[in-house]
Amino acid sequence: MEFSGKTAIVTGAASGIGLAIATALAEAGTNVVLADIEKDAVEQAAHRLSGTNKQVLPVTIDVTQEQSVIDALIEAERRFGKLHIACNNAGIPMHGTRLVDVPVADWSFILGVNVWGVIHGIRHFVPAILKHGEAGHVVNTASVAATQNRRGTNQGPYSMSKYAVLSLSEALEHELEGTNVGVTALCPGPIATNLAQGARHRPDHLGGPETRPGAEAVMAERLARTGIDPKLVGERVIDAQQDLLRLRQRRPGRHDQGAAPPHRVGARDKLGDAVLARVLTDWKAGTPSTTGLPPASMLLR
Ligand SMILES: NC(=O)c1ccc[n+]([C@@H]2O[C@H](COP(=O)([O-])OP(=O)(O)OC[C@H]3O[C@@H](n4cnc5c(N)ncnc54)[C@H](O)[C@@H]3O)[C@@H](O)[C@H]2O)c1
């Protein structure tokens, strides 16, 4: 994937992983639309990024609302022309409450951001990428929680939403076979971000902002203690797109032959054991992990 002069949109770009992806893309020469529900934070992030030669545009978006996603796309195309890369990354946590005790409003919140946000991105960003015929890529941020429900964490709603993101990514990858648009499901382990405070961004139409002091404190402590630097994830997302391009150059027409890519990207050296990279086929084969974590924390095709 050639990044220079391309255009990307990253949702949830005001903080954490989204900001790191946006930064890595901008540093690679991509025009970046930073899209986030937090207006001030995304404008500040774009301002900080807009140094030498960096073309960035902050937009306010609520990924739970289809019209807001459409409006962000219109702004992106108005400013930069064609869209090539879409990172459906905005997400919120839902930990610490048993399934039977999760209020209906909270189910709507987690489904709205983590699942509908990705669905809206697929429905609108993907056609925008396909319509010009140039190479592109879709990155959907899932999680290591997309591969297991960990006992004792009461993160069922979050994990369910990330299984959905992984499944959507797999389906999208199937549907985009034969095109020059790649798909990555990003499945990080713990990353040091502001995720624990995710309910701060609950949109008004889903009940408005909220704090969950107990669950937030537990998660914030865990992410601070075990989480890796989001910067490394941003760089890994760039690598993943380059790896896919190299793979395709080595094996042109692999989709036509139905061949599984013999492709594995070792990220341990960069990210440590918390984040590995494997192709989906390896993950399906259940290759054992030496860390005790699920075998895949980042899946590439
Ligand atoms: N931090 C981790 O350990 C971790 C691990 C695996 C996956 N993830 C996933 O990474 C993604 C990014 O999370 P993060 O850890 O960087 O958290 P973060 O809270 O630092 O960043 C999330 C961003 O999403 C934005 N956002 C929230 N709701 C939104 C909405 N409705 N519309 C638009 N933007 C919205 C927030 O304003 C925030 O800037 C999420 O999908 C999360 O589930 C995080």
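Which residues does Val10 touch, not counting residues up to four places away in sequence? The views below take up this point and others. The model is predicted: local features need pLDDT of at least 70, side-chain atom pairs count only at pLDDT 80 or more, and totals for chains, interfaces and linings use all residues. Residue numbers start from 1 along each chain as its sequence is written.

**View 1. Val10 and the largest nonpolar core.** Val10 touches Gly18, Ile21, Ala22, Val32, Leu34, Ala35, Cys87 and Asn89, with residues up to four places away in sequence not counted. Contact means that two C-beta atoms, placed from the backbone, lie within 7 Å. The largest nonpolar core has 71 residues, and those with the most contacts inside it are Ile9, Val10, Ala22 and Leu34. The largest share of this core, ten residues, comes from α4. Such a core is a set of buried Ala, Val, Leu, Ile, Met, Phe, Trp, Tyr and Cys residues joined through C-beta atoms within 7 Å. A residue is buried if 20 or more other C-beta atoms lie within 10 Å of its own, exposed if 12 or fewer, and partly exposed in between, with C-beta atoms placed from the backbone. Of the 301 residues of the protein, 48% count as buried.

View 2. Helix α3 covers residues 66–80. Its 15 residues reach 21 Å from first C-alpha to last, close to the 21 Å expected at 1.5 Å a residue. The expected span is 1.5 Å times one less than the number of residues. Helices (H or I, at least four residues) and strands (E, at least two) are DSSP runs, numbered from the N terminus. Val69, Ala72, Leu73, Ala76 and Phe80 are buried in α3. Seen down the axis of α3, its buried residues fall within an arc of 100°, so they line one face of the helix. That arc is taken over the directions from the helix axis to the C-beta atoms. The buried residues of α3 pack against β1 (7–11), β2 (31–36), β3 (56–60) and α4 (104–130). The face turned away from the buried side carries the exposed residues Gln67 and Arg78. Just after α3, Gly81 takes a positive phi of about 85°.

**View 3. Asn31 in strand β2.** Asn31 lies in strand β2. Asn31 counts as buried because it has 25 C-beta neighbours inside 10 Å. Leaving aside neighbours within four places in sequence, Asn31 is in contact with Thr7, Gln55 and Phe80. Asn31 and His84 are 53 residues apart in sequence and 9.8 Å apart in space, C-alpha to C-alpha.

**View 4. The shell around the ligand.** The ligand is surrounded by 32 residues, and the closest are Gly12, Ser15, Gly16, Gly91 and Thr193. A residue belongs here if its C-beta atom, placed from the backbone, lies within 6 Å of the molecule. Helix α1 (residues 16–27) gives the largest share of the shell, three residues. By class, the shell has 14 nonpolar, 15 polar and three charged residues. Ala, Val, Leu, Ile, Met, Phe, Trp, Tyr, Cys and Pro count as nonpolar, Asp, Glu, Lys and Arg as charged, and the others, Gly among them, as polar.

**View 5. Asn154 in its loop.** Asn154 sits in the loop between β5 (136–141) and α5 (156–175). Asn154 has a positive phi of about 50° although it is not a glycine. With 19 C-beta neighbours inside 10 Å, Asn154 counts as partly exposed.
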